[in-house]
Amino acid sequence: VGLALCRRLLEEDGRIHLCIACRNGQKNEATRDLILADHPAAQVSTVEVDLGNLASVLRVARELRCRFQRLDFVYLNAGIMPNPHVNFKALWHGLLTGKVLHMLTTAEGIMTQTDRLNGDGLQEVFATNLFGHFILVRQLESLLCGNEKPSRLIWTSSSNARESAFSLSDYQHAKGQESYSSSKYATDLTSVVLNRKFNKQGLYSSVVCPGLVMSNMTYRILPVFLWKLLMPIMWLIRFFAKTYTLTPYNGAEAHVWLFKQKPEYLDALVKYHSCTSGLGKSYVEPRKMDVDEEIAEKFYQKLLELEKQTLEKYSDLLD
């Protein structure tokens, strides 16, 4: 989705300066070459960052503060889903009870993950999908706030973001098996509070759902050969489940749509879903998020507490 987004943004405006971020230098250069093959005159630079490693996040934030005077858009798109498992028993039950379409479009009740601690002592999915992004945003406030034009944060969330998978007392989801869903619901909560805190300073936050996209993450859920067998069925399901965007190009629809909107007119409590009709037409559907604003505020305070604790370890990387 990230690569498709870069290509589509340059189709919208070839004058923009793209700075792409990947976890390793080789992937960075390969991605940059792919973009320049389609847009040879584009301004494309790179930074190397692992969102699941706080030292890496702090280093890249310092680098970006040195290289840029402002950032107009930050697409917070990194995400992992380690060791995904499909609960076929639950899927069969959904088929018998008529809930299978809902389950297939949200993965509710059928997708579990096995999480682990990372090198910072944080749950890996929480750290990569949310906390690393949060620290990056906090470290880049000087480039995002107080600019002549509004700056934008656009988070990649999911239709799998569910309140039932999230607990304020276990916000890193150390005790559950739906860490991906929990991290995406935490993303929704964070975006809501960031708008409350920073809109007056010219920083606006939005969340999008790319739908079901066939990507590296998706191919880890089932063997590739099985996906190939299922593809005709998935194309058929799209006539009934518009969030089956399937291609990265379609999945980036909401990301690109937000690029063209004035943020002050957007609803902070809405998630923007990339959708594709059965005949292949892409469009954006706004849907109200199921978030409790009081819980969002309490969660934000917990993020600030965790930020304070963890940054004490890396004082040498702070200005």
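**Figure 1. Residues at the contact of α8 with α13.** In this predicted model, Ala186, Leu189, Thr190, Val192, Val193, Leu194, Arg196, Lys197 and Phe198 of α8 touch Glu293, Ile295, Ala296, Glu297, Phe299, Tyr300, Gln301 and Leu303 of α13. By class, the residues of this contact are eleven nonpolar, two polar and four charged. Among the charged residues are Arg196 and Lys197 on the α8 side and Glu293 and Glu297 on the α13 side.

**Figure 2. Geometry of α8 and α13.** Helix α8 covers residues 179–198 and helix α13 covers residues 293–311. Their axes approach to within 9 Å, and the crossing angle is roughly 90 degrees. An angle from 65 to 115 degrees counts as roughly perpendicular, and α8 and α13 are therefore roughly perpendicular to each other.

**Figure 3. Packing of α6 against α8.** Helix α6, residues 124–139, packs on α8 at an angle of about 15 degrees. The two axes are 8 Å apart. Angles under 35 degrees count as roughly parallel, so α6 and α8 are roughly parallel to each other. The crossing of α6 past α8 is right-handed.

**Figure 4. Residues at the contact of α6 with α8.** On the α6 side, the contact comprises Val125, Asn129, Leu130 and Phe134. These meet Ser179, Tyr180, Ser183, Lys184, Ala186, Thr187 and Thr190 of α8. The contact of α6 with α8 consists of five nonpolar residues, five polar residues and one charged residue. Ala186 and Thr190 of α8 take part here and also in the contact with α13.

**Figure 5. Cysteines without a disulfide.** A disulfide is a covalent bond between the sulfur atoms of two cysteines. The structure contains zero disulfides. For cysteine 19, the closest cysteine sulfur belongs to cysteine 6, at 9.8 Å, which is too far for a bond; the cut-off for a disulfide is 2.5 Å. Cysteine 19 has a relative accessibility of 31% and so counts as partly exposed. Cysteine 66, with a relative accessible area of 66%, is exposed.

**Figure 6. The chain as a whole, for orientation.** The secondary structure of the chain consists of 13 helices and nine strands. Of the 319 residues in the chain, 53% are buried. Among contacts with a separation of 6 or more, 72% join residues 24 or more positions apart.

Terms used
Residues numbered from 1 in each chain as written. Predicted model: local features only at pLDDT ≥ 70, side-chain atom pairs only at ≥ 80, totals over all residues. Heavy atoms only, no water. Axes fitted to C-alpha atoms, helices over the stretch in contact; angles between N-to-C directions. Helix = DSSP H or I, 4+ residues; strand = E, 2+ residues; numbered from the N terminus. Parallel < 35°, antiparallel > 145°, perpendicular 65-115°, else oblique. Contact = heavy atoms within 4.5 Å. Buried < 20%, exposed > 50% of the residue type's maximum accessible area, 1.4 Å probe, protein only. Left-handed = near helix turned anticlockwise from the far one by under 90°.
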